[in-house]
Amino acid sequence: MSNISNELELTPFIRGKIKLYQSKDGYRFNLDPVLLSSFVKINKKKAKIVDLGTGSGIILLLLSLKYPELDFYAVEIQNSLFEIAKKNFRLNNLNVKIFNEDMKNIRRLFKPNSFDYVVSNPPYFKVDKSLSSNEEEKIAKFEVKINLKEIFKVVKYLLKDRGKFFLVYPSFRFTECLKVATENKLELKKVRFVYADANSNSTHFLAEFVKSTKEGLIIDKPLIIYENRKNKIYTEEVKYILEKFTDGEIDGN
Ligand SMILES: C[S@@+](CC[C@H](N)C(=O)[O-])C[C@H]1O[C@@H](n2cnc3c(N)ncnc32)[C@H](O)[C@@H]1O
């Protein structure tokens with residue numbers, strides 16, 4: 001039984017370039033999908049992309065600012081979030097083919113090897129951790145309905161050879177993720193580790209995997225979130241992403 005009120009809140013984002021509804025007391029997005037969308041690099045103009053577990057639709061809304069000509073698809077298991085994402089895509093005039101479905105049933109929705117790009121901010125934690133009480137959050141944050149191995153199987157099924165998978169994931173599961181990726185013919189080609197500040201261990205990583213390609217990895221520069229964590233002052237790079245949202249490359253390299 002869901003214990004959320006279904007009350008929605010409208011949030012303008014990236015200086016009003018996008019507007020989106022979020023549930024007041026259900027699952028709400030944080031900085032992770034924003035950093036992931038900024039990390040995504042797409043080099044084909046007209047290509048098919050799918051967001052697995054789209055939530056409020058934030059990732060595709062952000063990507064549409066950089067890559068308006070993509071053919072957008074989204075999958076979301078939770079009806080409450082599916083309805084919010086649909087509303088958000090309509091509100092921002094973004095044409096997205098969205099499916100209210102468990103991504104484990106991906107074969108019902110799409111043909112194999114049919115996507116150029118897959119993007120996802122999936123549930124991070126195994127179910128043996130203390131689960132949050134809110135049902136919507138539980139399914140969003142914990143591997144209740146999908147786990148890492150299952151996600152990679154879905155991605156392998158969807159991507160064309162040389163297609164790319166962009167993922168944000170917690171650093172403590174990095175080696176596990178690499179192993180599962182390799183088992184599914186997905187090669188890690190680029191990774192950027194995310195740090196809350198310059199004196200902490202990495203919390204997350206942003207990764208680009210390529211299907212059926214040879215080895216060769218770029219380890220990107222660190223992405224540091226706070227200049228001053230105590231006073232919640234963001235670094236110039238994160239400020240830039242939140243204000244302008246192009247590709248986060250402020251120093252031109
Ligand atoms: C961490 S949230 C990310 C939501 C959104 N992409 C964002 O970045 O804010 C993970 C999302 O995956 C969805 N999800 C979990 N298991 C799923 C499954 N088996 N099939 C489809 N979506 C699923 C959750 O409902 C949730 O919306």
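N113 sits in the loop between α4 (106-109) and β6. Helices here are DSSP runs of H or I with at least four residues, strands are runs of E with at least two, and both are numbered from the N terminus. This is a predicted model, in which local features need pLDDT of at least 70, side-chain atom pairs count only at pLDDT 80 or more, and totals for chains, interfaces and linings use all residues. Residues are numbered from 1 along each chain as its sequence is written.

Stay with N113 for a moment. Its phi is near 55°, a positive value in a residue other than glycine. Most residues other than glycine have a negative phi. N113 is partly exposed, because 14 other C-beta atoms lie within 10 Å. The scale works like this: a residue is buried if 20 or more other C-beta atoms lie within 10 Å of its own, exposed if 12 or fewer, and partly exposed in between, with C-beta atoms placed from the backbone.

Now look at R15. R15 is placed in the loop between β1 (8-13) and β2 (18-23). The phi of R15 is also positive, near 50°. R15 has 10 other C-beta atoms within 10 Å, so it is exposed.

How far can the model be trusted? The protein averages a pLDDT of 93, and 94% of the residues score at least 70. pLDDT is the predictor's confidence in each residue, from 0 to 100. Two residues are in contact if their C-beta atoms, placed from the backbone, lie within 7 Å. Where pLDDT is low, the predicted coordinates should not be read in detail.

Next, the helices. Helix α1 (residues 32-39) packs against helix α2 (residues 58-66) at an angle of about 35°, and their axes are 9 Å apart. Axes are lines fitted to C-alpha atoms, for helices over the stretch in contact, and angles run from 0 to 180 degrees between N-to-C directions. The crossing of α1 and α2 is right-handed. That word applies if the near helix is turned clockwise from the far one by less than a right angle; anticlockwise makes a crossing left-handed. On the α1 side, P33, V34, L36 and S37 take part; they meet I58, I59, L62 and L63 in α2. Seven residues of this contact are nonpolar, one is polar and none is charged. The classes are simple: Ala, Val, Leu, Ile, Met, Phe, Trp, Tyr, Cys and Pro count as nonpolar, Asp, Glu, Lys and Arg as charged, and the others, Gly among them, as polar.

Why is α2 called largely enclosed by the rest of the structure? Seven of its nine residues are buried. They are I58, I59, L60, L61, L62, L63 and S64.

A second pair comes later in the chain. Helix α6 (residues 148-158) and helix α7 (residues 174-183) pack at about 35°, with axes 9 Å apart. Their crossing is right-handed. L148, K149 and F152 of α6 touch E176, C177, V180 and A181 of α7. This contact has five nonpolar, no polar and two charged residues.

Turn to the ligand. It is surrounded by 24 residues, and the closest are F29, P33, G53, G55 and I77. A residue counts as near a molecule if its C-beta atom, placed from the backbone, lies within 6 Å of it. α2, β4 (71-76) and α5 (135-141) each supply at least two residues of this shell. The largest share, three residues, comes from α5. By class, the shell has 13 nonpolar, six polar and five charged residues.

K145 is partly exposed, because it has 16 C-beta neighbours inside 10 Å. Beyond its neighbours within four places in sequence, K145 is in contact with I77, D102 and I139. K145 and D102 are 43 residues apart in sequence, yet 7.8 Å apart in space, C-alpha to C-alpha.

Finish with two phenylalanines. F125 lies in the loop between β6 (115-120) and α5. With 17 C-beta neighbours inside 10 Å, F125 is partly exposed. Its contacts beyond four places in sequence are K141, F142 and E143. F205 lies in strand β9 (residues 202-211). It has 22 C-beta neighbours inside 10 Å, so F205 counts as buried. Beyond four places in sequence, F205 is in contact with Y169, S171, F174, V191, R192, F193 and V194.
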